[in-house]
Amino acid sequence: MAVRQDTIWERFLKPVFRLLIDEEKLRQFHESLDWEAESDRFRRPDLIYPDYYITQNFHGIKGGYLNSGAAIGYDPITQYLLPPNETWVRQSVIDGIQGTPRRILDLGCGTGSTTVMLKQAFPQAEVIGLDLSPYMLAVANYKAKTAGLEIQWCHGKAEETGFADESFDLVTASLLFHETPPTIAKAILRECFRLLKASGQVLILDGNQKTLRQTPWFTEIFEEPYIKDYAADSVDAWMGAAGFEAVQTHDVWWTNQVTQGLKPIPANKSTVPTHPVSRSTTIDDFSSEGFPVPAF
Ligand SMILES: C[S@@+](CC[C@H](N)C(=O)[O-])C[C@H]1O[C@@H](n2cnc3c(N)ncnc32)[C@H](O)[C@@H]1O
C-alpha cells in the first residue's frame with residue numbers, strides 16, 4: 001500500500017509532529033527490543049486479518065498497525081491528540097464504571113494505555129487487553145511490566161474474540177470504533193453483549209461524533225478510511241440495536257465522547273427495574289512511515 005504524499009498530514013502535520021516527539025529516544029527504545037521475538041509472544045499464527053484492517057493505510061502508516069514503527073510512535077503522538085489531557089480523557093472510562101468488576105476485557109487495546117488504567121483502578125480484577133496488532137501488544141506488555149501490573153494480552157479480533165459467553169463484568173474499547181467500518185463496530189457491540197454477564201457494562205470511548213459532523217475538515221486531515229462513516233452514525237443507536245439498555249453518551253471535552261450501556265437482566269431473573277435507553281457524542285490514531293500518527 002503506497003502512502004499518499006498529498007495529504008494535509010503528509011505535507012503539514014507530520015513535520016510538526018516530528019518536532020514534538022523525541023525521535024532519538026524513540027529510536028533507542030526501538031533498538032532496545034527484539035521486535036520479532038516480542039511480537040511472536042502474542043502472535044496467533046491461525047489468525048486471519050480482516051480485509052478492512054490490512055487493505056487500508058491508517059494515518060499514512062504503511063502497513064497500518066502491523067509494524068514496530070507504528071507501535072512505538074503511537075503513545076508519543078497520541079498524547080497531543082487527546083485534548084485537553086490524555087489521562088483525563090481516558091479517565092472518563094474509569095469514572096463511568098459501575099460497581100467493582102471482577103473480569104474486564106479491553107478491546108482494541110493498542111499499547112494498553114486505558115488497559116493499564118483499568119488494572120490500576122481495579123487491582124483485584126482479572127484484566128485482559130485484546131488487539132489485532134502483535135506489535136501494539138508488545139508495547140502494551142512492556143508498559144504493564146514496567147508498571148508492575150499483571151495484565152493478560154491477547155492477539156485477536158474484537159468482533160470475534162473466542163471468549164466464552166457471559167464471562168465478563170465489563171467490556172471497554174477506546175479509540176477503536178473510528179478505525180473500523182460501522183458494520184464491524186456494530187458486530188463488536190454484539191460481541192460485547194454476548195461476552196457480558198447479565199447487568200454487565202460496556203463502555204466505549206472515541207471521537208465525538210457530533211463535533212466531527214460539525215467540523216468535516218477534521219475528518220480530512222488524516223488518512224482515516226472509516227472516520228467519515230463513524231462520524232455520520234451513532235454509537236448510541238448501535239448500542240441500543242445490540243440489545244443494551246440504559247444507553248448514555250457524554251461529551252468528554254468537545255473532542256471525545258464516552259458511551260455506556262448495560263446488558264439487561266433476563267425478565268425471569270430480574271429483581272431490579274430495567275433502565276431506559278437514552279442518547280448522544282473523536283478520535284485518535286496515527287502514523288507515518290516510521291511513527292504512527294494518532295487519529296483523533
Ligand atoms: C487508535 S488505536 C487505539 C488503541 C488504544 N485502545 C488506545 O486507546 O490508545 C486502535 C487499535 O485498534 C486495533 N484494532 C483495529 N481493529 C481491530 C479489531 N477488529 N479487533 C481488535 N483490534 C483492532 C488496532 O490494531 C489499534 O491498536
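This is a predicted model: local features need pLDDT of at least 70, side-chain atom pairs count only at pLDDT 80 or more; totals for chains, interfaces and linings use all residues.
Q: Where is I204, and what does it touch?
A: I204 is in strand β5. Helices (H or I, at least four residues) and strands (E, at least two) are DSSP runs, numbered from the N terminus. Leaving out residues up to four places away in sequence, I204 touches A173, F177, V235, V258 and T259. Two residues are in contact if their C-beta atoms, placed from the backbone, lie within 7 Å.

Q: How far is I204 from Q260?
A: In sequence they are 56 residues apart, but from C-alpha to C-alpha I204 and Q260 are 6.3 Å apart in space.

Q: What about L189? Which element is it in?
A: L189 lies in helix α9, residues 182–195. L189 counts as buried, with 27 C-beta neighbours inside 10 Å. Not counting residues up to four places away in sequence, L189 touches W238, M239 and A242. L189 and W238 are 49 residues apart in sequence, yet 7.4 Å apart in space, C-alpha to C-alpha.

Q: Zooming out, how many helices and strands are in the chain?
A: The chain has 13 helices and 7 strands. Of its 296 residues, 46% are buried.

Q: How many residues of α5 are buried?
A: For helix α5 (residues 68–78), 11 of the 11 residues are buried, so the helix is largely enclosed by the rest of the structure. Among them are G69, Y74 and D75.

Q: At what angle do α2 and α5 cross?
A: Helix α2 (residues 23–32) and α5 cross at roughly 135 degrees, and their axes come within 11 Å. Axes are lines fitted to C-alpha atoms, for helices over the stretch in contact, and angles run from 0 to 180 degrees between N-to-C directions. α2 and α5 are therefore oblique to each other. Angles under 35 degrees count as roughly parallel, over 145 as roughly antiparallel, 65 to 115 as roughly perpendicular and the rest as oblique.

Q: Which residues make that contact?
A: L26, F29 and H30 of α2 meet S68, I72, G73 and P76 of α5. The residues of this contact divide into 4 nonpolar, 3 polar and no charged. Here Ala, Val, Leu, Ile, Met, Phe, Trp, Tyr, Cys and Pro count as nonpolar, Asp, Glu, Lys and Arg as charged, and the others, Gly among them, as polar.

Q: And how do α6 and α7 pack?
A: Helix α6 (residues 86–95) and helix α7 (residues 113–121) pack at an angle of about 45 degrees, with axes 10 Å apart. They are therefore oblique to each other. On the α6 side R90, V93 and I94 take part, and on the α7 side S113, T114, M117, L118 and A121. That contact has 5 nonpolar, 2 polar and 1 charged residues.

Q: Where is the cis peptide bond?
A: The cis peptide bond joins P83 and P84, with omega about 0 degrees. P84 is in the loop between α5 and α6. Most residues other than glycine have a negative phi, and most peptide bonds are trans.

Q: Which value does phi of S199 come near?
A: Phi of S199 is near 70 degrees, a positive value in a residue other than glycine. S199 lies in strand β5, residues 196–207. S199 is partly exposed, with 17 other C-beta atoms within 10 Å. A246 also has a positive phi, near 55 degrees, and lies in strand β6, residues 245–252.

Q: Last topic: which residues come nearest to the ligand?
A: Of the 24 residues around the ligand, G108, G110, A158, S174 and L175 come nearest. A residue is near a molecule or strand if its C-beta atom, placed from the backbone, lies within 6 Å of it. By class, the shell has 10 nonpolar, 8 polar and 6 charged residues.

Methods. Residues are numbered from 1 along each chain as its sequence is written. A residue is buried if 20 or more other C-beta atoms lie within 10 Å of its own, exposed if 12 or fewer, and partly exposed in between; C-beta atoms are placed from the backbone.
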